[in-house]
Amino acid sequence: MRKASSLGLLSRMSFENFSMNGFRPHEEQTLRQAFRRAREFAEHPEGWLILLGSYGCGKTHLAAAIANYCLERGHPSLFVVVPDLLDHLRSTYSPGSSISYDERFESILEAPLLILDDLGTQQATPWAQEKLYQLFNHRYNARLPTVITSNRMLEQIDMRLRSRMADPELCQIYRILTRDFRGSGHGDQLSSLHLYADKSFQSFDRRPELPKEEQQNLKEVLAVAEGFANDPQKWLVLMGEHGCGKTHLAAAIANRCVDNGRPVVFKEVPELLDHLRATYRPDSPVTYDQLFEAVRGAPLLILDDLGTESASPWAQEKLHQIFNRRYAARLATVITMRKTIEEIDPHLASRMLDVSLCTICAILAPGYHSAHLAQRRPKKRRKN
C-alpha cells in the first residue's frame, strides 16, 4: 500500500514532526486549527478537506501526514501532485506504456482516499481541465474521501471544480494564513510593510494646530480607516497632498490586519511595477506569473501613491489587469493617491467611482511639511 500511495520522500512527514516554530502568534493559531482538523480527518476520513495557503505554509506536510497516518492503520491512500497526475495520464497514450489509460484513471477515480496536492499549478489546457472535472465530479457524486491543497484562492479555481469544493455539506475549507517558512512567500517578499511597522492608529497625529474643519475631516477619515481595518471589505481610496497622513493610515490598516491574522501586500505603485519588470531577468528567483498572481490575488492589497508611476503602456496594462481582477472578485483593496480622480487613468477611475464597491476619503489637511513651513514663515509687518 505504501508503494502504491506514491508518497515517496513524503513518507517521513507526520503529525509528530510537523513544526509550528518561527511563526507569529496569529499565524500559529491558523496552523493549529488546520493541524487539528487534519488530525481529525485522518482519524475518520469522510467528506472532503481543502487546505488553502501560500507556498511553504505547511499544507503539503499536513496532507502527507494524513496519508501516512491512514497507511499505518491499514487504510489505502493515494497521494498525487496534480501536474504529475496529468503527466501520468498522458504517458498512458505512449505505445510503450505498461498500463492503459482506463486502468490508470480508474485507479485514481476510485481511490479509497485521494490526496490532490498543488491544485492550480497545472497547465490549464482544455484536456487537463476536462480530466480534472471528470475526477472531481466522480468523487463528488460518490462522496469519496478527498484532500485537496492549493496556493490559489477559491475564486481563482475553475468554476466547475470550485462548485464541488464549495459544497458545505461535503467539504470543509481551511485557509492557512502564514508566511512561507522556507522564505519563498512571494507576497511577503514583495510587501514593504516592514518599513512602516511603527505606523498605527494610536500614533497618528490628529494635528490640533489645524483649523477645526480640517481637524474634523481628519477625525472622520481616521474613523473610516479604522473601521475598514477591523473588517476589510471592498475598496477604500485615501486622497490628499503629499505628507497629509494617507500613507500612515494605509500602513495602520495593514498593521492592524496583520495583527488580526490577515495576510497583506503593501507596496508603492512605482516599486511594484519595478519588481514586476525585474522578473524578466534570467537570474530572477521568481517568475513573473508567480509575483503577479501574489499581487492580483492578495486577500488585502494596499497600493500606495497611485499616479506617481511612469505612465507607459506596459505600466497602464499591468495596473488595468490588477484593478480588473480585484474589481471583479471584490477583493479588499486600499489605494492612496495625490491626484484627483479626474487626473487618473479613466479605466482605473471608473473602478474607483463605483459607489457600490468603493469609499473615497479626501484628506483636506495640508502636508506636514507645508504646514510647518507656513507656521515658521515670518509675518509681514504693517506699515504705519
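Visitor: Among contacts in the chain between residues at least 6 apart in sequence, what share joins residues at least 24 apart?
Guide: The share is 80%. Contact here means heavy atoms within 4.5 Å. This is a predicted model, where local features need pLDDT of at least 70, side-chain atom pairs count only at pLDDT 80 or more, and totals for chains, interfaces and linings use all residues. Residues are numbered from 1 along each chain as its sequence is written, and side-chain values use heavy atoms, with hydrogens and water left out.

Visitor: How many helices and strands does the chain have?
Guide: There are 14 helices and 10 strands. Both are DSSP runs numbered from the N terminus: H or I over at least four residues for helices, E over at least two for strands.

Visitor: What share of the 384 residues counts as buried?
Guide: The buried share is 50%. Buried means under 20% relative accessible area, exposed over 50%, partly exposed in between, with a 1.4 Å probe and protein chains only. The chain exposes about 19400 Å², and carbon and sulfur atoms supply 51% of that area.

Visitor: Which residues does Ser-203 touch, not counting residues up to four places away in sequence?
Guide: Ser-203 touches Asp-198 and His-248.

Visitor: Why are α10 and α11 called roughly antiparallel?
Guide: Helix α10 (residues 269–278) and helix α11 (residues 288–296) pack at about 155°, with axes 8 Å apart. Angles under 35 degrees count as roughly parallel, over 145 as roughly antiparallel, 65 to 115 as roughly perpendicular and the rest as oblique. The α10 and α11 pair is therefore roughly antiparallel. Axes are lines fitted to C-alpha atoms over the stretch in contact, and angles run from 0 to 180 degrees between N-to-C directions.

Visitor: Which residues make the contact of α10 with α11?
Guide: Leu-272, His-275 and Leu-276 in α10 meet Tyr-288, Leu-291, Phe-292 and Val-295 in α11. By class, that is six nonpolar, one polar and no charged. Nonpolar covers Ala, Val, Leu, Ile, Met, Phe, Trp, Tyr, Cys and Pro; charged covers Asp, Glu, Lys and Arg; the others, Gly among them, are polar.

Visitor: How do you know that α3 and α5 are roughly perpendicular?
Guide: The axes of helix α3 (residues 82–91) and α5 come within 11 Å and cross at roughly 100°. The α3 and α5 helices are therefore roughly perpendicular. Val-82, Leu-85, Leu-86, Leu-89 and Arg-90 in α3 meet Trp-127, Ala-128, Lys-131, Leu-132 and Leu-135 in α5. The contact has eight nonpolar, no polar and two charged residues.

Visitor: How many aromatic pairs does a search of the whole structure find?
Guide: The search finds 14. In Phe-15 and Tyr-69, the centres are 6.0 Å apart and the planes at 70°, an edge-to-face pair. Rings of Phe, Tyr and Trp (its six-membered ring) pair if their centres lie within 6.5 Å; planes under 30 degrees apart count as stacked, over 60 as edge-to-face and the rest as tilted. Phe-15 and Tyr-69 are both buried. Phe-15, Phe-18, Phe-35 and Tyr-69 form one aromatic cluster.

Visitor: What makes the pair of Trp-48 and Tyr-140 edge-to-face?
Guide: Their ring centres are 6.3 Å apart and their planes at 80°, so the pair is edge-to-face. Trp-48 lies in strand β1 (residues 48–53) and Tyr-140 in helix α5 (residues 126–142), 92 residues apart. Trp-48 and Tyr-140 are buried.

Conventions: Accessible areas come from the Shrake-Rupley method with a 1.4 Å probe; for residues, only the protein chains shown count as cover.
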